[in-house]
Amino acid sequence: MCGYKPHLHQLTLNSFCRMNIRRYYIPNSIVFVTQVVDRRAPIFRDQTYIDLLRTILANVKSLHPFRTVGYVFLPDHFHLLIHPTGESNFSAIMHSLKPNFTKEYKKLLGLSRPMRLWQKGFWDHLIRDEVDFQRHLDYIHYNPAHHGMVEKPEEWPHSSYQYWQRRGAYSPGWGWSLPHLLDQVDWQQSEADSTE
Ligand code: NI
């Protein structure tokens, strides 16, 4: 996902990111994105639509190249940490992802009327340094616990936690309580909680 494979087990998350982030940082930053389903309808409780989201993400990747550095899918929203790698940017990625998902979702349900499936817009945040990177990766992996879906990050199957855990980024017991990097996080903002 981060695109660097060899000898990862020997590295801490810090050194892993230190190596990569300089290369990633400019011109195409890693971006944290939150997208919410319209009216927080919990469509991703259904595995069918999680699978569809994974498929659409792969399709969009071929049009607008990017790497998925981290992800978590919750019932009514998702968070991504993505690195656009070509000429494209996160805005184009999201503007491809959202209508394409809606189109296929409608097809699966046999719906023909127009529908608003996603909350308008999305929250985005450009990763500015290594600590910021780690904080957002932690944010993603702690998210299912934050939302009360599970008690431990490893119990949630729809995230990149296992990927990073296998590579030594997290020691056992991480995220069983609030991780220290998330002390000061503005949850409302990062969850794209709005009053619209
Ligand atoms: Ni969330």
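**The sheet and its surroundings**

Me: What is the bridge partner of Phe32 in E3?

Reply: Leu81 in strand E3 is the bridge partner of Phe32. Please note that this is a predicted model, in which local features need pLDDT of at least 70 and side-chain atom pairs count only at pLDDT 80 or more, while totals for chains, interfaces and linings use all residues. Residues are numbered from 1 along each chain as its sequence is written.

Me: And how many bridges join E1 to E3?

Reply: E1 and E3 are joined by 6 bridges and run antiparallel. Strands (E, at least two residues) and helices (H or I, at least four) are DSSP runs numbered from the N terminus. Two strands pair if DSSP finds at least two bridges between them.

Me: What about E1 and E4: how many bridges there?

Reply: E1 is joined to E4 by 4 bridges, again antiparallel. Within this pair, Thr34 stands opposite Trp123 of E4.

Me: What is the strand order in the sheet?

Reply: The order is E2-E3-E1-E4, an open sheet of 4 strands with antiparallel pairing. Strand E2 (66-74) and strand E4 (123-126) are the edge strands, each pairing on one side only. On average, neighbouring strands are turned by 15° against each other, direction ignored. Angles run from 0 to 180 degrees between N-to-C directions, with axes fitted to C-alpha atoms, for helices over the stretch in contact.

Me: Which residue of E3 does Leu74 face?

Reply: Leu74 stands opposite His77 in E3. E2 and strand E3 (residues 77-84) run antiparallel and are joined by 8 bridges.

Me: Why is E1 described as largely enclosed?

Reply: E1 is largely enclosed by the rest of the structure because 6 of its 6 residues are buried. A residue is buried if 20 or more other C-beta atoms lie within 10 Å of its own, exposed if 12 or fewer, and partly exposed in between, with C-beta atoms placed from the backbone. Val31, Val33 and Gln35 are buried on one side of E1, and Phe32, Thr34 and Val36 on the other.

Me: Which strands does H4 lie across?

Reply: H4 lies across strand E1 (31-36), E2 and E3, at about 30° to E2.

Me: Changing topic: where is Ser159 found?

Reply: Ser159 is in the loop between helix H4 (130-146) and helix H5 (161-166).

Me: Is Ser159 buried or exposed?

Reply: Ser159 counts as buried because it has 22 C-beta neighbours inside 10 Å.

Me: Which residues does Ser159 touch?

Reply: Leaving aside residues up to four places away in sequence, Ser159 touches Tyr71, Val72, Ile140, His141 and Pro144. Contact requires C-beta atoms, placed from the backbone, within 7 Å.

Note on methods. Contact = placed C-beta atoms within 7 Å.
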